[in-house]
Amino acid sequence: MMKNNTNTIVAISTPLSSGAISIVRMSGANAVEIADKVFKTKSGKIPSEFQARMMMLGTFSASEFSEQAMCVVFKAPNSYTGEDVVEFQCHGGVQITKGILATLIKNGARLATPGEFTKQAFINGKMALSDAEGMMDMINAQSDAEIRAGYNLLSGNLSKCAFDAQNELVDILSELEVSFDYPEETIEYITKNNAKERLKKLHQKIEDVLKTSSAGQMIKNGVNVAIVGKPNVGKSSLLNRLLGDEKAIVTPIAGTTRDIIEGSFSINGLRFNLYDTAGIHETDDQIEKIGVDKAKNIIKSADIILFVKDTKEESDEDKKVKNLLETHKHIKLINKADKLKNYKNNGDILYVSAINGTGIESLTQKLYDMACEDKQMEGGLTIANQRHIDALTRACSSIHDAIDNIDNFTLDLITIDLNMAYSALGEITGNTTSEEIIDAIFSKFCLGK
Ligand SMILES: Nc1nc2c(ncn2[C@@H]2O[C@H](COP(=O)(O)OP(=O)(O)OP(=O)(O)O)[C@@H](O)[C@H]2O)c(=O)[nH]1
Ligand SMILES: [Mg+2]
């Protein structure tokens, strides 16, 4: 682990705009000493005399002004960063907050870089690398499912799995080493077989985590749904109904939509990205033609397609659209159900009305079920971060090589495989990770975190 640095860092931890309160956070060996120079309670107490984690009211003496503020001291190691931390809560004006920051810098603190508080927490063993990334995912989350996935990372589910795997590798390696020191063949045979079994189990465990990646990526990126069909069947009306917003222009004129109209909404906390497209048909209109091409392209990248018609009959145009969908996950809809007298949903076709909302609930349920099928959504941990996926994939493949090599090769070679697996896992836990990777991760954090 890296050497603890004694720099005291400071940053504004809340968004810099006028609000009710702002928080300025300072962390490092001199944090309390610096705070002593600028903050005093009415009865004359200074931060070094405060009880830890007790919020105190007092006066902050900035260079240009004095301000009534709250101050709380966290003593190392019981703080976010693991160092002494002092936080000031002040009135949320931009100038006040900047003034407090400037005063602390003047008194010896240094402006933190983005993510530096969390990096310090990592350096002091407060969290593993993947935990810190989970925190960032939570902060940037756009749906409930994303928050849940981020929380799972932050609570250490992935790092625990990677730490356990690293320990198991060390254990297996040391057993193998001992057996190679004892040249009796039976011992070596038993140990090798035992190691092989353990490695196979470990491989399976990591593969199980990798299996959650498709669900994880779906949670992170949302499910892409394209609405396609011939002109005037009500695609844009459906988009508006699903979004609960009049986002797309709707008219009785065929060929209203030309550009792709996008919008996102959630079903059970999972984000769906909708794409409304131009009605697909043969046309001489130059602009509409471009729209039709765009629609055809978006079909290729969609996860699910809503194929919309407005009658049961299938026109030649419908057939053309249908041909584009054969290999895609899709839901067949007949819209304008409000105009129909007798209809019955069957497993294949869903009747809906964008105008009065009939069938929309069944549609969202079907979308959700379809998005989640073949995906491991339960069990908490889902991984979505490409960095984690790459690291686990490499760990798996090195363990696989070790299993293949164990019977026929020397200990040196197996050691190389197992070390490679260990380092790959280290990219998740933070053991053995290069400084560049660590810097790259924390630089993506916001300032003051
Ligand atoms: N009765 C009824 N009319 C609908 C329904 N949905 C759409 N419409 C009408 O159908 C016409 C076309 O609707 P749009 O949503 O613009 O259809 P579109 O498929 O986006 O059409 P293009 O963009 O031209 O391809 C409009 O007059 C809508 O009011 C519905 O559920 N019931
Ligand atoms: Mg339209």
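In strand β11 (304-309), I304, L306 and V308 point one way while I305, F307 and K309 point the other way, and all are buried, buried meaning under 20% relative accessible area and exposed over 50%, with partly exposed in between (1.4 Å probe, protein chains only). In a regular strand the side chains alternate between the two faces of the sheet. The structure is a predicted model, in which local features need pLDDT of at least 70 and side-chain atom pairs count only at pLDDT 80 or more, whereas totals for chains, interfaces and linings use all residues. Residues are numbered from 1 along each chain as its sequence is written, chains are lettered from A and ligands numbered from 1 in the order in which they are written, and side-chain values use heavy atoms, with hydrogens and water left out.

Helices (H or I, at least four residues) and strands (E, at least two) are DSSP runs numbered from the N terminus, and two strands pair if DSSP finds at least two bridges between them.

| Strands | Sense | Bridges | Opposite residues |
|---|---|---|---|
| β8 and β11 | parallel | five | A226 and I305 |
| β11 and β12 | parallel | five | V308 and L333 |

Strands β8 (223-229), β11 and β12 (330-334) are also among the elements that cover the buried residues of helix α11, as is α10 (286-301). Those buried residues of α11 (residues 316-325) are D318, V321 and L325. They cover an arc of only 65° around the axis, which puts them on the same side of α11, the arc being that of the directions from the helix axis to the C-beta atoms. On the other side of α11, D316 and N323 are exposed.

A separate sheet, open and of seven strands, has the order β3-β4-β5-β6-β2-β1-β7 with mixed pairing. Because β3 (39-41) and β7 (110-111) stand at the edges with a single partner strand each, one side of each is left without a neighbour in the sheet. Strand β1 (residues 9-12) pairs with β7 in the parallel sense over two bridges, and V10 has L111 as its bridge partner in β7.

Helix α13 (residues 386-405) packs against helix α14 (residues 411-429) at an angle of about 165°, with the axes 8 Å apart; axes are lines fitted to C-alpha atoms, for helices over the stretch in contact (heavy atoms within 4.5 Å), and angles run from 0 to 180 degrees between N-to-C directions. The two helices α13 and α14 are therefore roughly antiparallel, a term for angles over 145 degrees.

Key: Parallel < 35°, antiparallel > 145°, perpendicular 65-115°, else oblique.
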